[in-house]
Amino acid sequence: MHILPQLRKLEEKYADTLFVIGVHSAKFDTERATENVRAAVSRYNVNHPVVNDVELQVMSAFAARAWPTLMFIDPEGKVIGRHEGEFQLEAMDRVLTAMVEEFDLSGVLNLEPVPFEYGSEAASHGVLSFPGKILAPDDGNLYIADSNQHRVIIASDDGVISEIIGNGESPLAVDSFETPPGILNPIGSEWGYDASLFDNPQGMALDGHTLYVADAGTHTVNRVDLEKRTVSVVAGTGEQSLIRHGGGDATSFPLNSPYDLEFADGIAYIAMAGAHQLWELDIGSETIEPFAGTGAENIVDGARLEALLAQPYGLALDGNNLFFADSETSAIRVAKIGEGGRVVTLTGTGLFDFGDRDGVSKEAMLQHPQDVASAPGTIYIADTYNHKIKCMDLSTLRVSTVAGSGSQGLVDGEALRASFDEPAGIAYRDGIVYVADTNNHCVRKFDVEQGTVSTLELTGG
C-alpha cells in the first residue's frame with residue numbers, strides 16, 4: 001500500500017515506456033480469494049493489471065523474498081534488476097530514466113501503448129465505501145471513518161447523520177510527478193469541514209469537544225474542533241517516514257501509517273502500523289515519541305521499548321492497559337502504561353501462525369484481526385479475515401466466537417448465523433458492539449444480550 005502512490009506517479013511520467021503488472025502473493029488464506037483481491041484493487045484504486053498468485057508460483061519463479069519486491073524486466077523479456085521493500089521516489093526515477101535511455105538507444109524500446117482496460121468501474125456502495133474504523137463514545141454519537149471516501153461521518157445511534165467532516169477529496173498531492181510529496185493543506189492551518197481533509201482516515205478518539213483522527217494516507221493525526229467545526233494537523237508532516245526515529249516536535253517528524261487512536265490524561269496513543277510500533281502524542285507539549293516496540297517486525301514480549309510488534313492496527317484502552325490487535329502476527333497483545341510497563345501477548349504465536357480456533361490464550365487462533373474494543377471484563381475482537389466477531393474473557397483469557405458464521409456475506413439475524421465481510425473496526429457501548437463491516441460498506445450492530453446482528457441504515461447528511 002505504501003508504494004502505490006509512488007507507482008502512480010511513475011506510471012504517469014513514463015506512460016509510453018513503463019508498464020506495471022502487480023503480483024498478489026498472499027500470506028493469509030482470505031487474501032487468496034480472487035473476489036477479495038478484486039475488492040482490494042478497487043479499494044486502493046489500482047489501475048494496472050494484477051495477477052492473483054494463489055499458489056505463489058510467480059513469487060517462487062522470481063525468487064521474491066519480501067513484500068513488496070520490484071522486478072525490472074527489459075523489452076526483450078530479461079530480468080535486469082530487483083528492489084526489495086519501499087523506495088525513494090527520486091532514486092527510482094533516476095534508475096528508470098537511465099533504463100529508458102539505454103533501451104531507446106539500442107532500438108528495442110516499443111513505444112506503442114500496451115492495451116489494458118480495467119474490467120470494472122468503481123462501484124457505488126451507498127453512503128459508505130470501505131469504512132475502516134468506528135467510535136462509539138459516551139456522548140451517544142457514532143463516529144464512522146468513511147475511509148475510501150476520505151471523510152468522517154457523525155451519526156446518531158439510529159443512523160441519522162448530523163455531520164460530514166471532509167469533502168470526499170484527498171489532500172494528497174499525487175496528481176503530478178513534479179508536485180513535491182506531502183499534503184496540500186499547510187501544517188499549522190485550520191480548515192473547515194468542506195475542505196479536502198483526509199486520505200484513508202481510520203481510528204478516532206474523543207476528548208470532550210475534540211475529535212482526534214488517525215489519517216493513514218497522509219500519515220498524520222488531525223484534531224477536529226467539534227464546536228468551531230475546524231480541522232488541523234497535530235502530528236506528522238504529510239509525508240511517510242522511511243526511517244526509524246525517536247520523535248520530537250509533533251509536526252516536525254513524519255509518521256508511518258497511523259491506524260488507530262486512544263486518548264487518556266492528555267496523551268493520544270497511536271497504533272503506528274507502518275512502523276510496527278505504538279507511539280504517544282503529548283497534546284499539551286505538542287511532542288511525540290515511541291511508546292512500545294523497537295520498529296522491528298515480530299512478536300516478542302518484554303519491556304515496552306524492547307518488544308517487537310507487527311503492524312498494530314487497533315487499540316482499546318482499559319485503565320492502564322492498552323490492548324492492541326497486532327495484525328501480522330494475528331495476535332492480541334497488551335502494553336502496560338506507566339513506569340516499567342511491558343508488552344504481553346494474550347493470544348498469537350508467530351508471524352506466519354494464523355487460523356480460526358476458539359480456546360484459552362495461545363490455544364486460540366485468529367486471522368489478521370484489525371481492531372479491539374473494551375467492555376467490562378471483556379475485549380471484543382474484529383477477527384477480520386475470519387469474518388467474525390470474537391471476544392476474550394479477561395479473567396480466563398478464553399477466546400470465543402460471538403458473532404459471524406465465518407462465511408463472507410451480509411446476513412442479519414441470529415449472531416452465530418450472521419455473516420460479515422472483513423470487519424475492520426469495532427466499538428462497544430451499552431451492550432451493543434458496533435462493527436465497521438468494511439467490504440460490505442456498512443455499519444452492523446451486534447446486540448450482546450439478544451444475540452442478534454442488524455445493519456444500521458444511515459440517513460440524512
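Helices α1 and α4 are roughly parallel to each other, a label for angles under 35 degrees, with over 145 counted as roughly antiparallel, 65 to 115 as roughly perpendicular and the rest as oblique. The model is predicted, so local features need pLDDT of at least 70 and side-chain atom pairs count only at pLDDT 80 or more, while totals for chains, interfaces and linings use all residues. Residues are numbered from 1 along each chain as its sequence is written, and side-chain values use heavy atoms, with hydrogens and water left out.

Two packed helices are described by the angle between their axes and the distance between the axes. Helix α1 covers residues 4–13 and helix α4 covers residues 89–105. Their axes come within 11 Å and cross at roughly 30°. Axes are lines fitted to C-alpha atoms, for helices over the stretch in contact, and angles run from 0 to 180 degrees between N-to-C directions. Helices (H or I, at least four residues) and strands (E, at least two) are DSSP runs, numbered from the N terminus. The crossing of α1 with α4 is right-handed. That term applies if the near helix is turned clockwise from the far one by less than a right angle, and left-handed if anticlockwise. On the α1 side, the contact is made by Q6, K9, L10 and K13. On the α4 side, L89, M92, D93 and L96 meet them. Contact means heavy atoms within 4.5 Å. By class, four residues of this contact are nonpolar, one is polar and three are charged. Ala, Val, Leu, Ile, Met, Phe, Trp, Tyr, Cys and Pro count as nonpolar, Asp, Glu, Lys and Arg as charged, and the others, Gly among them, as polar.

Helix α2 spans residues 34–43. Its buried residues are N36, V37, A39, V41 and R43. Buried means under 20% relative accessible area, exposed over 50%, and partly exposed in between (1.4 Å probe, protein chains only). These buried residues pack against three strands: β1 (22–24), β2 (50–52) and β10 (201–207). N45 follows α2 and has a positive phi, near 55°.

Most residues other than glycine have a negative phi, and most peptide bonds are trans. The bond from W67 to P68 is cis, with omega near -5°. P68 sits in the loop between α3 (57–61) and β3 (69–73). F130 has a positive phi near 50°. This residue lies in the loop between α4 and β5 (134–135). F130 counts as buried, at 3% relative accessibility. S361 also has a positive phi, near 50°. Its loop runs between β24 (359–360) and β25 (371–375). S361 counts as buried at 17% relative accessibility.

A search of the whole structure finds six aromatic pairs. Rings of Phe, Tyr and Trp (its six-membered ring) pair if their centres lie within 6.5 Å; planes under 30 degrees apart count as stacked, over 60 as edge-to-face and the rest as tilted. Y259 and Y313 have ring centres 4.4 Å apart and planes at 5°, so this pair is stacked. Y259 lies in strand β15 (residues 258–264) and Y313 in strand β20 (residues 312–318), so the pair ties together parts 54 residues apart in sequence. Y259 counts as buried at 6% relative accessibility, and Y313 at 8%. The rings of Y269 and F291 are edge-to-face, with centres 5.1 Å apart and planes at 65°. Y269 belongs to strand β16 (residues 267–272) and F291 to strand β18 (residues 287–292). Both residues of the pair Y269 and F291 are buried. Ring pairs also link F28, F354 and Y385 into a cluster.
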